[in-house]
Amino acid sequence: MIFVTVGTAHFDPLIIEMDRLVGDGTITEPVIAQIGRGSYIPKHIRYFRFIRSLEAAYKKADIIVSTGGAGTTMECVKRGLRLVVVENKSLMEGHQAQLIGEMARRGHLIWCKEVSSIATCIEEARTHSFTPFVSDPPRIHEMIKDLISNTYVIDR
């Protein structure tokens, strides 16, 4: 099963393309989409707008397709899920590109840069070897220590 999520926003171009791919038989497995505030109503895939938790969908899905929201991206990457991300460029000056780019560079997800390439990206995700996510070690205590040390010197 492929689970598509657009988070709390909307991204009709992705939902339209996934619906088209299922309708024309390019994608033959079940697809369920969380369409958020989108105005397009899918004809060939099951959908819902919002749900309290995506936990059940994450557990059942073989592949997750998302729009690059930080919450969904980090949740899927930390769980080691097969994640394909299509940046929703209509949101806030392309702020998602930094996170998606870094996570793709580290091998945690596949960055699908064009909605028209989503079928190819999904196929790639089926055999791709994703790099497990490991958090960077905490550094805040060192930063506070440096700040206090520098402040002390400045106050003399």
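Start by selecting Arg106, which is partly exposed, with a relative accessible area of 30%. What you have open is a predicted model.

Stop 1: Asp136 is exposed, at 55% relative accessible area. Now look at where each one sits. Arg106 is in the loop between α4 (96-105) and β6 (110-111), while Asp136 is in the loop between α5 (118-127) and α6 (140-155). The pair links distant parts of the chain, 30 residues apart.

**Stop 2: a network of charges.** Select Glu55, Lys59, Glu75 and Arg79. Salt bridges that share partners join these four into one network. Zoom in on Arg79 and Glu55, whose side chains meet in a salt bridge of 2.5 Å, N to O. Arg79 belongs to helix α3 (residues 70-79) and Glu55 to helix α2 (residues 55-60). They are 24 residues apart, so color the two helices to see distant parts of the chain linked. Arg79 is partly exposed, with a relative accessible area of 38%. Glu55 is also partly exposed, at 28%.

**Stop 3: one more pair.** Pick Asp24 and Arg20. Their side chains meet in a salt bridge, 2.9 Å from N to O. Asp24 is partly exposed at 44% relative accessibility, and Arg20 is partly exposed at 42%. How many salt bridges does a search of the whole structure find? It finds ten.

**Stop 4: His108.** Go to the loop between α4 and β6, where His108 lies. Is His108 buried or exposed? It is buried, with a relative accessible area of 6%. Show what surrounds it. Beyond its neighbours within four places in sequence, His108 is in contact with Val77, Met103, Phe130, Thr131, Pro132 and Phe133. Draw a distance from His108 to Phe130, C-alpha to C-alpha: 5.3 Å in space, though they are 22 residues apart in sequence. Then turn to Thr131. Its backbone oxygen lies 2.7 Å from a polar atom of the His108 side chain.

**Stop 5: helix α5.** Select the helix and look down its axis. Ile118, Ala119, Cys121, Ile122 and Ala125 are buried here. Next, show what the buried face meets. The buried residues of α5 pack against β1 (2-5), α1 (12-23), β4 (63-66), β5 (83-85) and β6.

**Stop 6: the nonpolar cores.** Select Val4, Met18, Val65, Val84 and Ile118. Of the 28 residues in the largest nonpolar core, these touch the most other members. β1, α1, β2 (31-34), β4 and α5 each supply at least two residues of this core. Center the view on Met18. Not counting residues up to four places away in sequence, Met18 touches Ile2, Val4, Ile27, Val31, Ile45, Ile118 and Ile122.

Conventions
Residues numbered from 1 in each chain as written. Predicted model: local features only at pLDDT ≥ 70, side-chain atom pairs only at ≥ 80, totals over all residues. Heavy atoms only, no water. Buried < 20%, exposed > 50% of the residue type's maximum accessible area, 1.4 Å probe, protein only. Helix = DSSP H or I, 4+ residues; strand = E, 2+ residues; numbered from the N terminus. Contact = heavy atoms within 4.5 Å. Polar contact = N/O pair within 3.5 Å; in protein donor to acceptor, adjacent residues only side chain to side chain. Core = buried A, V, L, I, M, F, W, Y, C linked by side-chain atoms within 4.5 Å.
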